[in-house]
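Have a look at the fold first, then read on.

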Amino acid sequence: MMKYLQKLGKSLMLPVAVLPAAAILMGIGYAIDPAGWGGGSPIAAFLIKSGSAIIDNLPILFAVGVSLGMSKDKDGASALSGLVAYLVVTTLLASGTVAMLQGIPVEEVAPAFGKIGNAFIGIISGLVGAGCYNRFSHVQLPQALAFFSGKRLAPIMTSVAMIAVSGILFFVWPVVYGGLVSFGESIIGLGPVGAGIYAFFNRLLIPTGLHHALNSVFWFDVAGINDIGKFWGTVAGGVKGVTGMYQAGFFPVMMFGLPAAGLAMYKSAKPEKKKVVASLMLAAGFAAFLTGVTEPLEFAFMFVAPGLYLVHAILTGIMVFIAAQFQWIAGFGFSAGLVDYLLSIKMPLANNIFMLIPLGLVCGVIYYALFRFLIVKFNLKTPGREDDDVSDEEMHVSLANNNFKEVAQVILEGLGGKDNIVSIDNCITRLRLEVKDSTIINDKKIKTTGAAGIIKPSKTSAQVIVGTQVQFVAEALSELVK
């Protein structure tokens, strides 16, 4: 089950990765016309609407991305199946259709059906599309129907399956929607405290990938909060000083806190290990500061020092609470890094945005001091402190030098050779591997490449924390296995 959820989390990163394009377009548009929301400049309106085309249709992107990511061979027919599933369910459960089915005026239809085109339904559509593709893409029909065999059959069966799913959702979705709205309203009712609670659980769920589901409640239009859409002006209803409070406090953590934690781990490393740790922490810290991609840093200590990760989650909650309490507001289209911070400066709903910088500096000091103290006090085995860690002399090839083929070759040897590999996949920072036997994996050899760590969820699966260069390593590794 955990493996399935992790694969789902990875699949969601494909559509989420499109958001920076929307942020750049809309950020430039609002910089040109910060007061008129595009109404005072045709160029600004063109850019803003171009960006909103992405954010407004994020549920469709989720349906396509999840279906593609969850399919067994990443074929385009699976993406089409996800789209078909989404179109079927959103048409059958639209307010107008439901009104006809129930024989009542549209105004009396449950509000849940007015929100059927959301991220949650997009994910469900993607899962159904991928499931049908995996099941039917190799089915051979009788000769008279041979044209519809194989991959052509997948979207056809998806449409049939989604009719049944829509029938279930007809009764279930209003209940689910009501629960999500209640949860969202309870958090909204708590104000800044609720924002802090959300941020705490957001970090805690990172290892499982379930943080995407939680994010969809607050960042997107699942329960009516839509913090990202309202901040960037793609939908009405934003309130200055309030909209963006589920995003703003992440900037101090990702731009300053986690890089400072990386510095603390470097300073705490054994002297002979510091060169290796420095290259890892410098690259991971820069990625967190610039783009808000924090997985390389978080996975460096998440499993080796879970107590330290709990402290990180608590500190994140506190920072989000403080930013929300004092209404220091910024927003992001991708993640809370420098790029999104600069783009959001000119946004109409940005509020006291420059106060996030001193808060970030304080956050960095707290992270460094607390991490340094806890690592040394409790002898936590963070990078550079493990007994079997990699020394400078053993560091033959490195990710820092972009030697992806050499890195892949060393990783392949550490994994036990190509005979031990069943499948290769990757998310935004990790190699995700199915293997025949994870117990024969040589962690020490793999770490000579500069990889942050190796995770073995089961005897037949493994993950290698590579960082944002993972795509190139995965491609090189796949070529070697072929």
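Of the 482 residues in the protein, 54% are buried, where buried means under 20% relative accessible area, exposed means over 50%, and partly exposed covers the range in between (1.4 Å probe, protein chains only). Keep in mind that this is a predicted model, where local features need pLDDT of at least 70, side-chain atom pairs count only at pLDDT 80 or more, and totals for chains, interfaces and linings use all residues. Residues are numbered from 1 along each chain as its sequence is written, and side-chain values use heavy atoms, with hydrogens and water left out.

The protein has 20 helices and 4 strands; these are DSSP runs numbered from the N terminus, with helices being H or I of at least four residues and strands E of at least two. Take the contacts (heavy atoms within 4.5 Å) between residues at least 6 apart in sequence: 71% of them join residues at least 24 apart.

**Rings**

The structure holds 20 aromatic pairs. Rings of Phe, Tyr and Trp (its six-membered ring) pair if their centres lie within 6.5 Å; planes under 30 degrees apart count as stacked, over 60 as edge-to-face and the rest as tilted. Two of the pairs are set out here.

| Pair | Centre to centre | Angle between planes | Class |
|---|---|---|---|
| F218 and Y246 | 5.1 Å | 40° | tilted |
| F301 and Y309 | 5.9 Å | 45° | tilted |

What does the pair of F218 and Y246 tie together? F218 lies in helix α10 (residues 211-219) and Y246 in the loop between α11 (227-231) and α12 (250-268), so the pair links parts that are 28 residues apart in sequence. F218 is buried at a relative accessible area of 0%, and Y246 is buried too, at 2%. In the other pair, both F301 and Y309 are buried.

F218 and Y246 also belong to one aromatic cluster, together with Y198, W219, F250, F251, F332 and Y341. Let's pick out F250, found in helix α12. With 1% relative accessibility, F250 counts as buried. Leaving aside residues up to four places away in sequence, F250 touches Y198, A199, N202, R203, W219, T316, V320, F332 and A336. One of these is T316: the C-alpha atoms of F250 and T316 are 6.9 Å apart, although 66 residues separate them along the chain.

Charges turn up over rings as well; the test is that NZ of Lys or CZ of Arg is within 6 Å of the ring centre and within 35 degrees of the ring normal. R152 has its charged end over the ring of F147, 4.4 Å from the centre. K274 lies over the face of Y266, 5.5 Å from the ring centre.

**The sheet**

The 4 strands make an open sheet in the order β1-β2-β4-β3, with antiparallel pairing; two strands pair if DSSP finds at least two bridges between them. At the edges stand β1 (421-426) and β3 (453-458), each with a single partner strand, so one side of each has no neighbour in the sheet. Direction ignored, neighbouring strands are turned by 20° against each other on average.

β3 pairs with β4 (residues 461-465) over 4 bridges in the antiparallel sense, and the bridge partner of I454 in β4 is V464. Helix α20 (residues 470-481) lies across β1 and β2 (430-435) and runs at about 155° to β1. Axes here are lines fitted to C-alpha atoms, for helices over the stretch in contact, and angles run from 0 to 180 degrees between N-to-C directions.

N226 has a phi near 50°, a positive value in a residue other than glycine. N226 lies in the loop between α10 and α11 and, at 10% relative accessibility, counts as buried. For N379, phi is near 50° as well, again positive in a non-glycine residue. N379 sits in the loop between α17 (356-377) and α18 (404-414) and is partly exposed, with a relative accessible area of 40%.

Finally, helix α6 (residues 95-102) has T97, V98 and A99 as its buried residues. Just after α6, G103 takes a positive phi of about 65°.
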